[in-house]
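Please find below a note for a reader who is new to structural models.

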Amino acid sequence: MKFLTTNFLKCSVGACDNSNDNFPLRYEGSKCQIVQDETVEFNPQFLLNILDRVDWNAIVTVARELGNQSLPVTKPQFTHQNGDANTASNLTEDELAVLQDLHVLLLQTSIAEGQMSCRNCNHIYHIKNGIPNLLLPPHLA
Amino acid sequence: MKKYLLFMVHAHLNFRKAEIESLADLFNIESIDYSKYSDQSPFLIADLKNDEEASTWIKRSILTKAIYEYWGEGETMEDLHKSIKEQPYTEKYIKDYELDSFKFEFETYKGNSKNNNVDRVKQIESFRYLDFKGKIRMKDAKQIYTVIEKYQPVSENIGGDKPVYHYFGRLVQRSNRSAMEKYDLKKRPYKGTTSFEAELSLVSANIAQVKPGTIMYDPFAGTGSFLVAGGHFGALVIGSDIDGRMIRGKGAQASINSNFKKYGESEKFLDVITMDFTHNALRSDLMIDTILCDPPYGIRESIKVLGAKNPEKFEGKEDVEIDGEKAYLKRDYIPTKKPYSLDALLDDLLQYSTERLPIGGRLAFWMPTANDENIETIVPMHSNLELKYNCVQDFNKWSRRLLVYINRGDGYNGSTNAGKQRTSNFRDRYFKNFN
Ligand SMILES: C[S@@+](CC[C@H](N)C(=O)[O-])C[C@H]1O[C@@H](n2cnc3c(N)ncnc32)[C@H](O)[C@@H]1O
Ligand SMILES: [Zn+2]
Ligand SMILES: [Zn+2]
């Protein structure tokens, strides 16, 4: 499960939708096996567009839980980013380096084995063979 | 405006117009006069701003072959030459390209492929009056001039021997039809019985207007055929399936992830999640640009959702512990599932789409129908969704259709049939028809 996916997953228990704590899920660094896949291709333009969809606070929170304290508290801005005309072609070298780091974190880093839990109801979800399992037992479904 | 000739594939006619229309709409091309479009003809003449616009329109299309700058047409070669000489812009066109390297190509429609007694060299020489001064290059020619011959076929399967009509144009853009080869299921590392063929999955993604750098979701991902199609057109794709075995694949060499690796599009594939669509875990404020899928119909796979069929059997089970740990929290716990109706599942899909898609965003999904004459097919409707296309693919005893909806928002007030029973059991009818 790619790091970026942690930014999209909430608790699947319906009742938790009424709480503000059902996203992001909680990840315990010690219980997660992190792997990096360097073969995932770096596509600056694509990543710039996807970054628009990212909830940065949740990225920072989950990165910390998984042992990465280095992220800035606010989402990196790219000077040539305006509206939906995001273009990667005139990024500065520094910006490109930042984007490359984000690529490593968001798309190359993944959780191969581990678990995550809901901050509201504490239900535990497992990640097996890189695939998160969001199914629920009948009393929570 | 300039005149262009679009040469389409003469197949999947129920999908062809929807594809070119959707692509034109995606790129805000509004000058095309579709009243000239006919299912009987593989040709469409269109007015477009310039070559770039023509190219944008057609380069990701699957059900067309190519688009040409229009130079002329006529029944016989003589008529064709006359037409070319008469066009007011011919002189300018020649000036624009006369120094470029070039070659001639021939395309045929409904011709007999074994018919090779036409003298192509002589035909090329008949264009001498164009007086191109550039080098003739068989490879990497800058300009490709194309004669398209239309034949009158002898019968449905036997092509004609003599062309009855001719078009001439300069190639501007070939379509993306070659993608069918690349994504051919025969060459795909991980596939299964539910995998969807390359051609129509790519067409589906075009009609659904999958856009680069946006998010596409397939709630019933299975072996990931639509994820592959969405990734090809540049979206970040996410899939879910209630059956973990489907999305897991068969080891590292044959998984959805390895398919994307093989295609060189690994960054487009986000993840597949084991999840019941109706107990959805994608955060509610995540905008999903496109939803494209093939829902379960209870034929090869059953329609199930989380929950107990007989709740009384599960009473108190949540307290069961194994080795001091709640059983339902264990890594290997398998939750029970209960049957669900297709109507309800599709209602959920429509409702979900209105909540997650942007205004103007598209939901596209496949729905099979048995071809019994006396049963009407009722298409699910939601008051916020405009049903834009209903494209039928006919098989012998059954058919399936691609339903495409546009999210119009709360004020749309379209018709709805949510909560009504629309389908009798497709599974029963399907098998009855095959016996
Ligand atoms: C027709 S198949 C889709 C096949 C897929 N297009 C492919 O390329 O293989 C339907 C899928 O829906 C899944 N499914 C059934 N009920 C579901 C549910 N409630 N939530 C999510 N997936 C479900 C089935 O496991 C099955 O894999
Ligand atoms: Zn919860
Ligand atoms: Zn439920």
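1. The four donor atoms around the zinc ion (ligand 2) subtend angles of 102 to 118°, so their arrangement is tetrahedral. The cut-off behind this reasoning is that four donors count as tetrahedral if all angles lie between 85 and 135 degrees. For orientation, the ideal angle for four tetrahedral donors at a metal is 109.5 degrees. The model under discussion is a predicted one.

2. Which atoms hold the zinc ion (ligand 2)? The coordinating atoms are the SG atoms of A:Cys11, A:Cys16, A:Cys118 and A:Cys121, at 2.3 to 2.4 Å. Along the chain, these donors follow the spacing C-x4-C-x101-C-x2-C.

3. Is A:Cys118 buried or exposed? A:Cys118 counts as buried because its relative accessibility is 0%. A:Cys121, with a relative accessible area of 31%, is partly exposed. The reasoning rests on the cut-offs: buried means under 20% relative accessible area, exposed means over 50%, and partly exposed lies in between.

4. Read along the sequence, its elements follow the pattern β-β-α-α-α-β-β-β. Of the 141 residues of chain A, 52% count as buried. The C-alpha trace of chain A spans about 55 × 30 × 25 Å along its principal axes.

5. Chain B has twelve helices and 17 strands, and 55% of its 435 residues count as buried. Along its principal axes, the C-alpha trace of chain B spans about 90 × 50 × 45 Å.

6. The next topic is ligand 1. There are 24 residues around ligand 1, and those that come nearest are B:Thr194, B:Thr223, B:Ser225, B:Asp241 and B:Lys304. By class, this shell has eleven nonpolar, seven polar and six charged residues. In chain B, helix 8 (225–232) and strand 11 (304–306) each supply at least two residues of the shell.

7. Which atoms of chain B lie 2.6 Å, 3.1 Å and 2.9 Å from atoms of ligand 1? A polar side-chain atom of B:Asp241 lies 2.6 Å from an oxygen atom of the ligand. A polar backbone atom of B:Ile242 is 3.1 Å from a nitrogen atom of ligand 1. An N or O atom in the side chain of B:Asp276 is 2.9 Å from a nitrogen atom of ligand 1. On its own, ligand 1 has 600 Å² of accessible area, of which the protein covers 98%.

8. Helix 7 (residues 198–207) of chain B also deserves attention. This helix is mostly covered, with ten of its ten residues buried; among them are B:Ala198, B:Leu200, B:Asn206 and B:Ile207. At the start of the helix, a side-chain oxygen of B:Glu197 reaches to within 3.3 Å of the backbone nitrogen of B:Glu199. Helix 7 of chain B is followed by B:Gln209, whose phi is positive, near 60°.

9. Finally, B:Glu199 may be considered by itself. B:Glu199 has its place in helix 7 of chain B. With a relative accessibility of 11%, B:Glu199 counts as buried. The side chains of B:Glu199 and B:Arg177 are joined by a polar contact of 3.1 Å.

Terms used:
Residues are numbered from 1 along each chain as its sequence is written. Chains are lettered from A and ligands numbered from 1 in the order in which they are written. This is a predicted model: local features need pLDDT of at least 70, side-chain atom pairs count only at pLDDT 80 or more; totals for chains, interfaces and linings use all residues. Side-chain values use heavy atoms; hydrogens and water are left out. Donors are N, O and S atoms within 2.8 Å of the metal (3.2 Å for Na, K and Ca); water is not among the atoms, so sites may look incomplete. Four donors count as tetrahedral if all angles lie between 85 and 135 degrees; four count as square planar and six as octahedral if opposite donors are over 155 degrees apart and all others between 65 and 115; anything else is irregular. Buried means under 20% relative accessible area, exposed over 50%, partly exposed in between (1.4 Å probe, protein chains only). A residue is near a molecule or strand if one of its heavy atoms lies within 4 Å of it. A polar contact is a pair of N or O atoms within 3.5 Å; within protein, one must be able to donate a hydrogen and the other to accept it, and residues adjacent in sequence count only if both atoms are side-chain atoms. Accessible areas come from the Shrake-Rupley method with a 1.4 Å probe; for residues, only the protein chains shown count as cover. Helices (H or I, at least four residues) and strands (E, at least two) are DSSP runs, numbered from the N terminus. Ala, Val, Leu, Ile, Met, Phe, Trp, Tyr, Cys and Pro count as nonpolar, Asp, Glu, Lys and Arg as charged, and the others, Gly among them, as polar.
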